[in-house]
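Subject: Structure handover

Hello,

Here is the structure for you to look over. My notes follow below it.

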Amino acid sequence: MTMDFSPLPDAGNPVRDVGQEDVFDPAIHLDYSPPAKKFTMEELLLDQSTSATSIAGTTPFPLLSREGVRAYRRGLFQQKVLDNCSSSPFPGTLVLRDVEKHSNFIRDFWTHPQTMSIVSEAVGVPLEIVMPTEIGHTNIQVEGATVSDMTKQLRVEPSVEKVQLTAEERAYDPLRDSSAIIPWHYDSYPYVCVLMLSETDGMIGGETYIKKGDGTSQKVEGPQIGHVVMLQGGKVQHLAARARGVKERISTITSYRARVPKVYDSSYMTNIRPYANLTTLYPQWTQYRLRKMRDEITNYLEKLDSDPELNLDRMELENFINEQAGYLRRTSRQMIPPEEQKRMLKKYGSAAYYDAPRIWSKVQSLPEFERLAVAADTNRVWMPDSVYWMDLQDTTEAFRLGRSRKSTMGDMTWDNKRQYFMGDELIRQGLNEMFLDWLGTSGLWDLYCKIA
């Protein structure tokens, strides 16, 4: 399907002149057609046992009309949105969060029953938005060294200006080149919908690659303007290729969970803690997680209520209680105290934060690694009264019994070739700030800096 995205009248004005925000009307702003293909977990040779649906992702499909794209950009580029929602956590990237607080159009578009029905149908399971702060998380790549410089480049009318590429740039292979915009990872939340708000004619890259169960990769083309792609990103490991050849690339993401009981919730906040407004994020995260837990308890209670004579399976009940306790524990662990997080990011930097798994891998090659790690954990030189020591003991015991543990990189097992350290535990939980602090206290950070 081809949509007409030729310029609308008076849509090329600077951000400060975007005009009054539109009122969302699905009859005007939506132009939906179902995805041509859906990738199943079975096709990708992946385990579906802890997933609510067999659908791993879709090919791009149209969602917003020509008018819808402009209306969305108009809502996004209001001065009040840019003033309250902008940050630049990565070089050359402008990020907008908490947009729904300041844009009725964006909030109403994502939460409208018709939109919710479309995204749910795409993955074959009823979805709900994880929390308001994750509505319309927007990544903007434009020219500029500061937030102010970048916002000056934004217009309601999508840019059609292209960038000349060299032969080497055109031959870019994200699977071999380390410059992928987001390396292999799992998303913070179970499901995501990625919407493209920029023209993609002339763009090289921008695709998503899914890692299959046999180690090979499945390519999913990037969406065109007004199109979306759905991905069960909390379950499938994937890579986002860098886009080149265009002056702007604006994509916006809304995150979901399945609205069904007895499904593992893989959510964590590692990816967003460094630049999110924690005073907004943490209360919403707590509400989201407690509602999920409430639904699980209600479902279990209804099962008992439906058959008063049911013979209670004590082992099943014990497993259920342990699952809910673990869920509460993970909920709490993800909320690093803001003052501690600020201190650690200032000391080690956001680049090290996002590079923590690679740093941990590199540190293990140091001759002094085992001696320093053993000494740090044996003597509890880092935060000796911390709850993380209980987590370390629990995980070590689980591995001793041959069980796997959930991690930010999927299910984790242990081969017992070396001791399981606190560094392993903090990386498993996605607590990168705490990991760097432990690394610094152990003496391994200083040694890493000498070889980095």
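Which residues do ring pairs link into a cluster? They are Phe24, Tyr72, Phe105, Phe109 and Trp110. Bear in mind that this is a predicted model.

**Aromatic pairs**

The count comes to 19 aromatic pairs. One of them joins Tyr72 and Phe109, edge-to-face, at 5.8 Å centre to centre and 85° between the planes. This pair links distant parts of the chain: Tyr72 is in helix α2 (residues 66-76), Phe109 in helix α4 (residues 104-111), and they are 37 residues apart. Tyr72 is buried, at a relative accessible area of 0%. Phe109 is buried too, at 0% relative accessibility.

Another pair is Phe399 with Trp414. The ring centres are 6.1 Å apart and the planes are at 20°, so this pair is stacked. Phe399 belongs to helix α14 (residues 388-400). Trp414 lies in the loop between β16 (410-412) and α15 (422-428), 15 residues apart from Phe399. Both count as buried: Phe399 has a relative accessible area of 5%, and Trp414 has 18%.

**Charges over rings**

Two cases here. The charged end of Arg289 sits over the ring of Tyr327, 3.9 Å from its centre. The charged end of Lys406 sits over the ring of Tyr264, 4.6 Å from its centre.

**Nonpolar cores**

The largest nonpolar core has 50 residues. Within it, Trp360 and Trp438 touch the most other members. Beyond its neighbours within four places in sequence, Trp438 contacts a set of residues including Trp360, Ala373, Trp382, Phe421, Met422 and Leu444. Asp377 and Gly423 are also among its contacts. Apart from this core lies another, of 45 residues, with Val18, Leu30, Tyr72 and Val119 among them.

**Strands**

β10 (residues 208-211) pairs with β11 (residues 217-220) in the antiparallel sense, over 4 bridges. The two form a hairpin with 5 residues between them. Gly215, in the turn, has a positive phi of about 95°. β10 also pairs with β13 (residues 238-240), again antiparallel, over 3 bridges. Ile210 takes part on both sides: its bridge partner in β11 is Gln218, and it stands opposite His238 in β13.

**Cysteines**

How many disulfides does the count come to? The count is 0. Take Cys193: its sulfur is 19 Å from the closest cysteine sulfur, in Cys85, and that is too far for a bond. A disulfide needs the two sulfurs within 2.5 Å. Cys193 is buried, with a relative accessible area of 0%. Cys449, in contrast, is partly exposed, at 40%.

Best regards

How values were computed. Residues are numbered from 1 along each chain as its sequence is written. This is a predicted model: local features need pLDDT of at least 70, side-chain atom pairs count only at pLDDT 80 or more; totals for chains, interfaces and linings use all residues. Side-chain values use heavy atoms; hydrogens and water are left out. Buried means under 20% relative accessible area, exposed over 50%, partly exposed in between (1.4 Å probe, protein chains only). A nonpolar core is a set of buried Ala, Val, Leu, Ile, Met, Phe, Trp, Tyr and Cys residues joined through side-chain atoms within 4.5 Å. Contact means heavy atoms within 4.5 Å. Two strands pair if DSSP finds at least two bridges between them. Rings of Phe, Tyr and Trp (its six-membered ring) pair if their centres lie within 6.5 Å; planes under 30 degrees apart count as stacked, over 60 as edge-to-face and the rest as tilted. A charge sits over a ring if NZ of Lys or CZ of Arg is within 6 Å of the ring centre and within 35 degrees of the ring normal.
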